[in-house]
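Here is a colleague's note for someone who is meeting this structure for the first time. Please read it alongside the sequence and the model.

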Amino acid sequence: MRPLWVVLGGLCVALAHPAATARGDRALVVVSFDGFRPDYLGRGLTPVLDGLRAEGSRAAYMHNVFPTKTFPNHHSIATGLYPESHGVLGNSVYDVARDRRIGYGPQLYSNPGVTPIWTLNQMAGGGRHSGVMMWPGGEFSYNGVLPTFRQPYDLQVGWESRVDTVVGWLVHPSTPANLVMLYFEEPDRRAHAFGPDSPEVRYHIQKLDNITRYLRQKLAAHNLMDRVNVVQLSDHGMEAVTLARIINITDFVSTSQFKMIDTSPVIQLFPVKACNPSALVDVCRLTEVIRRRTQEWSSCGVLLWKKLEYFEKTHKPATFTTIFPHQNIRPWGYRQSN
Ligand SMILES: [Zn+2]
């Protein structure tokens, strides 16, 4: 019996059988290719993934959450919650009360009551063990529980080595994993540096196709094909940006007046004197400048929000100002591959 291979978000999902339960029983491997646009599959570079889609199951697309950032989307996949609920609102956030930026670390993921799937799996008992290979947020403790197997983000760990390790988790003699989360940082990294249509991204699309073949070969070599389901997905897409659409926000926002948190496509602006009445004047001035700039920018496709309402539901900073190219407003992952 062959495993069900499922590809999501333009990738594929192969669900073999009912959910994995205890040791020696079926297992699930969730694979994420960071920033893998659905239409990357239509470039003739992915024969392995194309084959899996043909023989397994596939979804036409995934609808990513906003903001279209790696950490929020991976945690939404892991928890089933929107960012305003799980609290990972960006790759970085600003702690207003303590006047500090919070980047990747346990504090970013610290939100009581929010439990990722790998932790829930182990809390269910019955010999269930989870393995998390570089999945964002995967090396931290939730409800006092750490994954039985975990590898923090480390680009020095090669891709085949990651596959070898997670297969080792699946066949561990005493605590075999029945749930594995496996993360690859491409093609997001190269697409940020060179653009989604670059030769560098083409190379890494092919490399990801090859690592998919390698994963399958390793599962087969360990006689795991009958009991391991594989879901392959991505967290968001990627859009090319031309020089005409690049906005240098420091041209009109003083870094002495505002803190700027995170990076494109969503930048968070926090007035330094938020509690000072005179700062309100500055904010009003800024708002007017932004309003005028927005009108000017309409020709080059920029849209601006003063505040995201759903962030108000959280205890995280709520005074977000966001700017990103108008053409990118639609959810990237929503674009159908075919
Ligand atoms: Zn990402």
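1. Where is the place of V157? V157 sits in the loop between β8 and α5, where helices (H or I, at least four residues) and strands (E, at least two) are DSSP runs numbered from the N terminus. This is a predicted model, in which local features need pLDDT of at least 70 and side-chain atom pairs count only at pLDDT 80 or more, while totals for chains, interfaces and linings use all residues. Residues are numbered from 1 along each chain as its sequence is written.

2. V157 is partly exposed, with 14 other C-beta atoms within 10 Å; a residue is buried if 20 or more other C-beta atoms lie within 10 Å of its own, exposed if 12 or fewer, and partly exposed in between, with C-beta atoms placed from the backbone. Leaving aside residues up to four places away in sequence, V157 touches Q151 and R162, a contact being two C-beta atoms, placed from the backbone, that lie within 7 Å. The C-alpha atoms of V157 and M134 are separated by 9.7 Å, and these residues are 23 apart along the chain.

3. Helix α5, residues 159-170, has 12 residues and reaches 17 Å from its first C-alpha to its last, close to the 16 Å expected, where the expected span is 1.5 Å times one less than the number of residues. Its buried residues are R162, V163, V166, V167, W169 and L170. Seen down the axis of α5, these buried residues fall within an arc of 150°, so they line one face of the helix; the arc is that of the directions from the helix axis to the C-beta atoms. They pack against β3, β7, β8, β9, α7 and β10.

4. Helix α7 has 23 residues and reaches 33 Å from its first C-alpha to its last, close to the 33 Å expected at 1.5 Å a residue. Its buried residues include V201, H204, I205 and L208, and what covers the buried residues of α7 includes β3, α1, α5, β9, α6 and β10. N223, which follows α7, has a positive phi, near 55°.

5. In β10, 6 of the 6 residues are buried, so this strand is largely enclosed by the rest of the structure. V228, V230 and Q232 point one way from β10, whereas N229, V231 and L233 point the other way. β3 and β10 run parallel and are joined by 6 bridges, where pairing requires that DSSP find at least two bridges between two strands. The bridge partner of A27 in β10 is V228.

6. The largest nonpolar core has 44 residues, of which V29, M133, V166, L170, V180, M181 and L182 touch the most other members; such a core is a set of buried Ala, Val, Leu, Ile, Met, Phe, Trp, Tyr and Cys residues joined through C-beta atoms within 7 Å. Each of β3, α1, α2, β7, α5, β9, α7 and β10 supplies at least two residues of this core. Apart from it lies another core, of 11 residues, among them V88, V93, I102 and I261.

7. Some caution is needed about confidence. The protein chain averages a pLDDT of 78, and 70% of the residues score at least 70, pLDDT being the predictor's confidence in each residue, from 0 to 100. Over residues 307-338 pLDDT stays under 50, and for them the model has 84 contacts beyond four places in sequence.
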